[in-house]
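The points are grouped by topic.

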Amino acid sequence: MGEKIMVKGTEAIGEAAIRAGCTVYFGYPITPQSELTEYMARRMPQEGRVFLQAESEVSTVNMMYGASSVGVRVMTSTSSPGFSLMQEGISYMANARLPAVFVDVVRGGPGLGDIQPSQGDYFQVVKGGGHGDYRLPVYSPSSLQEAVKLTIHAFDVADKYRTPVVIFADGMLGQMMEPVEFPDPVDLSTLPSKDDWALTGARGRKARYVTSFNIDPYELEKMNLVLQETYRKVEAEEKKWEEFMTEDAEVIIVAHGTVGRIVKSTVKMAREKGIKAGLFRPVSLYPFPYERLSELAEKVDIVMTVEMSAGQMLEDVKLAVLGKARTPFYGRLAGVIPTPAEILEALMKEIRR
Amino acid sequence: MARKTLGFIEIDQERCKGCGLCINACPANVIRFSEEFNSKGYHPAEYIGEGCIACQFCYYTCPDVCITVYRYKTPALSK
Amino acid sequence: MSEQVKDAILLASMPKSLSGKEFTYCPGCHHGIVHRLIAELIDEFGLKEKTLLVAPVGCSVFAYEFFDVDGTVAAHGRALAVATGMKRARPDMFVLTYQGDGDLAAIGTAETIHAANRGERITTVFINNAVYGMTGGQMAPTTLLGMKTTTSPYGRDPKREGYPIHIMEIMKALPGVAYAERVKVSKPQDVPKAKMAIKKAFYAQLLDVGFGIVEVLSTCPTNWGMDPVEAGKWLDENMVKEFPLGVYVDKVTEVMKEKGVK
Amino acid sequence: MAFVGMFGSGKTEIAMNMALKLAKEGENVALADLDYVSPYFRSRDKRGFLEEFGIKVVVPPGKYVWADTPMIPPEVFGILSNKDIKAVLDVGGEEDGIAVLGYLRTFMKNTTIYFVINTRRPFTNTVEGIVTFYEKLRNRARVDFDFLVSNTNLGPDTTEEVIKEGEEIVKKASKILEIPVAFTVVPSFLKDCDCEFDKFIIERYMELQW
């Protein structure tokens with residue numbers, strides 16, 4: 001670990017990627033993540049690595065497909081409308097089993113929406129907006145130090161399971177500044193070898209291809225089953241969450257990312273009023289930590305979900321709670337950030353009900 | 001009339017799809033459709049056995065890379 | 001036969017860089033001719049172990065199976081983005097895309113123009129047969145005026161369907177392009193010329209000059225509804241008028257001379 | 001006066017604190033938010049708060065305050081030309097954000113420009129980094145800068161040592177650039193710390209409350 005420096009969220013993620021051994025970055029400008037693209041434009045050449053601004057998000061994701069297929073660590077970052085455009089390519093990458101890291105700095109939608117922070121991409125990121133049966137590991141950090149840690153972790157998970165991985169950042173996380181410590185850069189020669197599948201030239205072996213395509217349905221089903229087996233492993237091994245004051249909690253609030261951070265303040269305010277509230281913050285949105293939330297739900301009457309959306313993660317919360325507790329929802333839309341006080345007010349209403 | 005045979009061709013008749021492009025291309029008119037069917041049910045191309053001038057036109061135009069072209073070291077005269 | 005072979009010199013046979021797998025194309029389709037030319041050049045340059053082939057979506061979607069080189073198939077239109085990713089990540093590899101007119105000149109126009117304009121060190125072989133072959137004969141961006149397809153059933157009318165797009169002429173306007181030539185392979189004499197053009201496009205990449213692209217006017221006998229010989233004649237009589245053959249950009253020959261390459 | 005610098009160097013906090021200080025001293029103050037680069041954490045977010053102190057906040061009109069398009073309100077020309085108004089300009093970061101000064105420079109003859117530096121930020125963590133980006137920004141702005149400002153901080157984790165370490169680096173850069181250091185920024189929770197340069201004590205208004 002080096003010394004602490006003040007960074008913006010976009011820079012924290014970019015620098016973390018460089019230290020994780022990201023050797024190629026493709027991107028296309030879009031608010032509110034353009035600073036990450038700009039940061040990489042400046043930093044990647046300093047490290048003798050590749051930065052290229054693509055002509056579109058569609059092109060970006062396909063460039064990533066190409067770079068990943070030859071076995072290097074590759075990343076892009078975008079914001080919601082850009083992520084929508086990448087969905088097709090992500091589906092291809094999932095079935096071609098190509099590791100890559102995507103950062104979605106989520107903004108208000110639908111459509112062109114606005115440029116304020118939002119979590120309205122939960123469905124398109126976590127449930128997949130592309131075609132076919134695939135899943136993507138998704139991590140939602142709530143502080144910049146955590147964003148650094150998760151970005152590095154995302155590269156490792158991508159390589160381990162040969163899958164695209166997403167960092168779900170909202171615009172607030174991307175723009176805020178915090179002191180952060182970075183780990184030392186990884187030695188590229190120590191990264192896991194991809195020689196058993198990457199396109200490195202048919203030297204001393206048979207030619208091979210990386211593809212998401214198989215015209216034979218029985219063969220394609222086999223490819224699908226490999227994916228499904230991978231996802232079962234991811235579900236068994238990669239769940240991450242944070243609990244805050246849940247030991248004696250009588251009500252649980254579930255929130256992720258920036259909202260998780262805001263809800264911490266709500267929990268403290270509630271405790272001052274004598275309400276034993278606790279926070280359950282999923283860090284991996286897929287795989288969603290159903291089991292632990294389910295356990296917690298047995299001990300409480302209310303599991304309230306708070307999101308900067310109309311209630312998307314709420315569906316996963318309900319699947320975890322399975323009727324064992326009431327599952328009210330409080331959300332702000334279109335880029336409006338809820339305050340700790342208004343969340344507390346919503347919670348009080350539920351308690352009185 | 002005696003004409004020179006400068007080489008010969010081999011046709012992979014199982015691979016041949018019977019498109020006829022080689023027959024059309026051959027300036028010596030020494031390729032024709034076989035009377036026989038191959039296992040896929042085409043009449044593949046066949047070399048009539050003499051008169052090849054080793055120009056490679058058939059090889060150039062064959063879209064299925066079925067043809068191998070040889071040139072005799074010493075040009076033989078056909079009967 | 002073996003007696004005969006002993007007394008002969010082998011002039012031409014299946015290139016080593018082909019996998020030997022039978023092509024899936026319809027009888028008489030020009031794809032196979034162009035595949036063979038590419039494979040011959042890969043052999044001649046000794047590039048088999050360094051080549052990465054990006055196949056498109058279209059009839060040649062299986063192209064990567066026919067070559068004995070590493071490869072992939074890109075999403076429709078995105079071959080040049082995928083190839084860019086490969087080449088940027090591994091500049092030491094020889095990267096080749098093989099694309100049809102729908103792929104390269106309709107859905108992938110942005111990728112084509114931008115990869116070309118960036119001067120990506122990539123070689124592209126562009127098959128223009130004026131029709132969507134794979135999906136069953138729909139109108140392509142290069143469909144000739146008056147030509148009937150399943151989606152221009154009254155014949156392509158510029159007022160309704162616009163004009164055929166001229167990719168080589170567009171390439172001429174892009175400074176990143178090192179080599180661009182339009183060829184055909186409908187007559188035997190055309191074939192060595194086409195090979196030389198593709199060779200120059202290889203050199204565009206190998207000598208680090210820029211983007212190399214060769215457009216090959218090709219037949220689609222099935223969708224044109226003609227026998228293969230007739231289709232070749234139709235191409236010569238009609239397509240060449242709309243799409244003039246020739247060299248559109250050549251920054252390669254000079255560099256070849258400088259470097260003493262023949 | 002105008003505050004310029006790299007992204008996240010602290011221009012906005014300093015501009016707001018300066019505007020508030022001048023307003024409390026009875027000056028007629030206008031704060032122009034010229035940051036059309038960053039989408040959030042701009043002084044316009046605190047408009048209501050600033051207006052309570054009688055500060056005129058110049059931002060794009062109505063809903064456009066939320067936009068990320070370059071939109072320079074014409075009032076900026078007014079406040080820069082009006083000698084009765086103390087204008088404080090909060091300029092966007094880096095070369096992109098500072099370009100606006102090139103545009104405004106004919107109106108800025110009497111404006112003092114401060115180059116704000118946080119040595120705990122990427123790119124300006126060394127003397128060489130500061131010199132490089134000072135030149136880049138000045139070339140882009142096509143105006144000369146008058147002072148350096150030492151604003152080395154780690155937000156809530158700032159210590160006296162961090163501030164002093166920053167002053168050392170900024171001092172060296174100041175010698176090379178031949179530009180004096182105007183002051184060192186000190187957060188109010190360290191107001192009694194030792195500083196080499198004049199202290200400018202600030203509150204962090206932009207900091208997240210959660």
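What distance separates the centres of domain 1 of chain A and domain 2 of chain A, taken over C-alpha atoms? In this predicted model, the two centres are 28 Å apart. The domain assignment places domain 1 of chain A at residues 5-237 and domain 2 of chain A at 242-352.

**Domain 1 and domain 2 of chain A**

- Domain 1 of chain A brings 32 residues to the contact, and domain 2 of chain A brings 26 residues.
- Between them the two domains bury about 2,300 Å², with 52% of that area on carbon and sulfur atoms.
- There are 3 salt bridges between domain 1 of chain A and domain 2 of chain A.
- A salt bridge joins the side chains of A:Glu178 and A:Arg261, at 2.4 Å from N to O.
- On the side of domain 1 of chain A that touches domain 2 of chain A, the elements giving two or more residues are α5 (122-126), β6 (138-139), α6 (144-161), β7 (164-170), α7 (171-175) and α8 (217-237) of chain A.
- By class, that side of domain 1 of chain A has 16 nonpolar, 8 polar and 8 charged residues.

**Chain B against chain C**

- In this interface, 30 residues of chain B contact 35 residues of chain C.
- Chain B and chain C bury about 2,900 Å² between them, 62% of it on carbon and sulfur atoms.
- B:Arg15, B:Tyr59 and B:Tyr60 account for 21% of the area that chain B buries against chain C, more than any other three residues.
- The interface of chain B and chain C has 1 salt bridge, and the side chains of B:Lys40 and C:Glu22 meet in a salt bridge at 2.6 Å, N to O.
- Polar contacts across the interface of chain B and chain C come to 14 residue pairs, both residues at pLDDT 80 or more.
- Chain B gives two or more residues to the side touching chain C from each of β1 (4-11), α1 (21-25), α2 (57-61) and β4 (67-77).
- Of these, β4(B) gives the most, with 8 residues.
- The side of chain B that touches chain C holds 16 nonpolar, 6 polar and 8 charged residues.

**The sheet with strands from chain A and chain C**

- An open sheet of 8 strands runs in the order β9(A)-β3(C)-β2(C)-β4(C)-β5(C)-β9(C)-β8(C)-β10(C), and its pairing is mixed.
- β9 (209-210) of chain A and β10 (246-250) of chain C are at the edges with a single partner strand each, so one side of each has no neighbour in the sheet.
- Within chain C, β2 (residues 51-55) and β3 (residues 70-73) pair in the parallel sense over 4 bridges.
- C:Val54 lies opposite C:Thr72 in β3(C).

Notes
Residues numbered from 1 in each chain as written. Chains lettered and ligands numbered in written order. Predicted model: local features only at pLDDT ≥ 70, side-chain atom pairs only at ≥ 80, totals over all residues. Heavy atoms only, no water. Contact = heavy atoms within 4.5 Å. Buried area = accessible area lost by both parts, 1.4 Å probe. Salt bridge = Lys/Arg side-chain N within 4 Å of Asp/Glu carboxyl O. Polar contact = N/O pair within 3.5 Å; in protein donor to acceptor, adjacent residues only side chain to side chain. Nonpolar A, V, L, I, M, F, W, Y, C, P; charged D, E, K, R; others polar. Pairing = 2+ DSSP bridges. Domains from an automatic or database assignment.
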